[in-house]
Amino acid sequence: MTADFHRPTRFPPRMFEGYLGADDPAYVSRVAHDTAAAVLSRVREDPDPEVVARLVSYTDQHGIDAIAELWSQASPKSLPGALWRIYLLRTMIRQDAQGVSLAFQRGTEVSHTIDQVVAGAPTPAGPAEMRDLADTILRGVFAGDFAAALERATAFCRVASTGFASLADDADAADAVHPDRPGMLTQRALRLSALAEELAACARLWRHDSLD
């Protein structure tokens, strides 16, 4: 099996937290900017459904590391940084659809904002609906309103973050079987909250023609 078609890397929640917790460099490489701009502009000029579908499912075949090598070190408020975070979010959802769906459902129950409406998930939203929503958001990046796609992702992150925080409050820290569960859930809530802020900033920049 060639390097171009290696087995996708499994992506546990701790790795998701590690990527988002890492400090971005002070500069973004020209390669990251050029590849992000080239991919986005070429597809959006001619959004062939088959090409869009291949881009949406790219990490399913090649693994998240293929995208990470290009864009993971880019500034959070840049085009490559935005694309990286959308792919990262999709991977996190697909590899823990059950846990994410539980958090999202809890978030809709305790949140008092319009975020769940903006996110566009059905009610109730199970694992299959979470995976479909992740694909829909990424598809919108390439063949829809780019800022709206980022705003949907932002809203999703906010609802899920609220849900994970609520689940953490419910978790029993004295549980002898899973004593670290409250902390893990809290970390996921914090990471998703940070991700929401970064995606929201990217959406605002895009609407002002300032995301590059």
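Modeller: Happy to. Trp 71 and Tyr 87 are both buried. Keep in mind that this is a predicted model.

Colleague: How are the rings of Trp 71 and Tyr 87 arranged as an aromatic pair?

Modeller: The pair is tilted, with 35° between the planes and 6.5 Å centre to centre.

Colleague: And which parts of the chain does that pair tie together?

Modeller: Trp 71 belongs to helix H5 (residues 64–71) and Tyr 87 to helix H6 (residues 79–95), so the pair ties together parts that are 16 residues apart in sequence.

Colleague: What about Phe 104 and Phe 156, how does that aromatic pair sit?

Modeller: Phe 104 and Phe 156 are stacked, at 5.2 Å centre to centre and with 15° between the planes. Here the pair links distant parts of the chain, 52 residues apart: Phe 104 is in helix H7 (residues 97–110) and Phe 156 is in helix H10 (residues 146–170).

Colleague: Are Phe 104 and Phe 156 buried or exposed?

Modeller: Phe 104 is buried, and Phe 156 is buried as well.

Colleague: How many aromatic pairs turn up in the whole structure?

Modeller: A search of the whole structure gives three aromatic pairs.

Colleague: Changing topic: where is Ala 201?

Modeller: You'll find Ala 201 in helix H11 (residues 181–207).

Colleague: Why does Ala 201 count as buried?

Modeller: Because its relative accessibility is 7%, and buried means under 20%.

Colleague: And how far apart are the C-alpha atoms of Ala 201 and Thr 154?

Modeller: Those C-alpha atoms are separated by 9.5 Å, while the two residues are 47 residues apart along the chain.

Colleague: Which residues line the largest cavity?

Modeller: The lining is made up of Ile 86, Leu 89, Arg 90, Ile 93, Ala 134, Ile 137 and Leu 138. H6 and helix H9 (127–143) are the elements that give two or more residues to that lining.

Colleague: Which element gives the most to the lining?

Modeller: That would be H6, with four residues.

Colleague: And how does the lining of the largest cavity split by class?

Modeller: There are six nonpolar residues, no polar ones and one charged residue.

Colleague: Great, thanks for the tour!

Note on methods: Residues numbered from 1 in each chain as written. Predicted model: local features only at pLDDT ≥ 70, side-chain atom pairs only at ≥ 80, totals over all residues. Heavy atoms only, no water. Phe/Tyr/Trp six-rings, centres within 6.5 Å; stacked < 30°, edge-to-face > 60°. Buried < 20%, exposed > 50% of the residue type's maximum accessible area, 1.4 Å probe, protein only. 1 Å grid on protein atoms, 1.4 Å probe; cavity = no way out; pocket = protein on both sides within 12 Å on 5 of 7 lines; lining within 4 Å. Nonpolar A, V, L, I, M, F, W, Y, C, P; charged D, E, K, R; others polar.
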